[in-house]
Amino acid sequence: MKTRLGCLSHKSDSYSDFSEFLPPANETTARCLKVSTDEVVRWSESFDHLLSHKYGLAAFRTFLKSEFSDENIEFWMACEEYKKLKSSTKLVSKANKILHEFIDNQAPREINIDYRTREKTKQTLKVPSPTSLNEVQSKVYSLMEKDSYPRFLRSKMYQDIVNRAHTQGQRRSV
């Protein structure tokens, strides 16, 4: 089991670094409101919807960082970038980076996957293709959807975002 010194530090309930996309509490101009209450509520309808929205993804990443467990979303995002690469040289380079950062045993941001998946992924990445990471990415996605996503929706952070977006929406319509 990987030791995480972050667990010893005080977990902050602060997420001020996330609020950059919401207007300041005293701001009432419509141009500052970048996400609607409806959109924030839609994040709770599906994990896909949350991840496909720029600010939903930012909120989820911030939540995971607050729990010292952001390696899965960072891995998922790296896989999304990897799939878009066209150059075989860039595929090899990105595959090696992902392997060493997330997949290897004792990797700095090691993801929680079973031994069989880890070994199969290492073999697949010996000759990388745009689909080489699909299986492991799918497993990590499923873990986040079943575990982290429900915690995010129950979190004070998400509830505060909903409430703040709602308050800003009311001010805007006045």
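Tutor: A definition comes first: accessible areas come from the Shrake-Rupley method with a 1.4 Å probe, and for residues only the protein chains shown count as cover. By that method the protein chain has an accessible surface of about 10,100 Å², and 52% of this belongs to carbon and sulfur atoms. This is a predicted model, where local features need pLDDT of at least 70 and side-chain atom pairs count only at pLDDT 80 or more, while totals for chains, interfaces and linings use all residues. Residues are numbered from 1 along each chain as its sequence is written, and side-chain values use heavy atoms, with hydrogens and water left out.

Student: OK. How many helices and strands are there?

Tutor: The protein chain has 8 helices and 0 strands. Helices (H or I, at least four residues) and strands (E, at least two) are DSSP runs, numbered from the N terminus. Along the sequence the pattern reads α-α-α-α-α-α-α-α.

Student: And what share of the residues is buried?

Tutor: Of the 174 residues in the protein chain, 41% are buried. Buried means under 20% relative accessible area, exposed over 50%, and partly exposed in between (1.4 Å probe, protein chains only).

Student: What about contacts between residues 24 or more positions apart?

Tutor: They account for 62% of the contacts in the protein chain with a separation of 6 or more. Contact means heavy atoms within 4.5 Å.

Student: Which residues touch the most other members in the largest nonpolar core?

Tutor: Trp43, Phe60, Ile73, Phe75, Ile103 and Phe152 do, in a core of 41 residues. Helix H2 (47-52), H3, H4, H5, helix H7 (134-154) and helix H8 (156-173) each supply at least two residues of this core. A nonpolar core is a set of buried Ala, Val, Leu, Ile, Met, Phe, Trp, Tyr and Cys residues joined through side-chain atoms within 4.5 Å. In soluble globular proteins, nonpolar side chains tend to be buried together.

Student: What is Phe60 in contact with?

Tutor: Leaving aside neighbours within four places in sequence, the contacts of Phe60 are Phe47, Leu50, Leu51, Ile73, Met144, Ser148, Tyr149 and Phe152.

Student: Change of topic: how many salt bridges are there?

Tutor: The count is 14 salt bridges. A salt bridge is a side-chain nitrogen of Lys or Arg within 4 Å of a carboxyl oxygen of Asp or Glu. One of them joins the side chains of Arg61 and Glu74, at 2.9 Å from N to O. Arg61 lies in helix H3 (residues 54-66) and Glu74 in helix H4 (residues 71-83), so this pair ties together parts that are 13 residues apart in sequence.

Student: Are those two buried or partly exposed?

Tutor: Arg61 is partly exposed, at 25% relative accessible area, whereas Glu74 is buried, at 13%.

Student: Where do Asp70 and Arg109 sit?

Tutor: Their side chains meet in a salt bridge of 2.8 Å, N to O. Asp70 is in the loop between H3 and H4, and Arg109 is in the loop between helix H5 (88-103) and helix H6 (115-124), so the pair ties together parts that are 39 residues apart in sequence. Asp70 is buried, with a relative accessible area of 13%, and Arg109 is partly exposed, with 25%.

Student: Which residue does Lys83 form a salt bridge with?

Tutor: Glu80, with the closest N and O atoms 2.9 Å apart. Both residues are in helix H4, 3 residues apart, about one turn of the helix. There is also a network of salt bridges that links Glu67, Asp147 and Arg151.

Student: Back to H6. Which of its residues are buried?

Tutor: Thr117, Arg118 and Thr121 are the buried residues of H6. They cover an arc of only 100 degrees around the axis, which puts them on the same side of H6. The arc is that of the directions from the helix axis to the C-beta atoms. H5 and H7 are among what covers these buried residues.

Student: Last one: what does Glu39 touch?

Tutor: Not counting residues up to four places away in sequence, Glu39 touches His49 and His53. Glu39 is in helix H1 (residues 37-42) and counts as buried, at 12% relative accessibility. The C-alpha atoms of Glu39 and His49 are separated by 9.3 Å.
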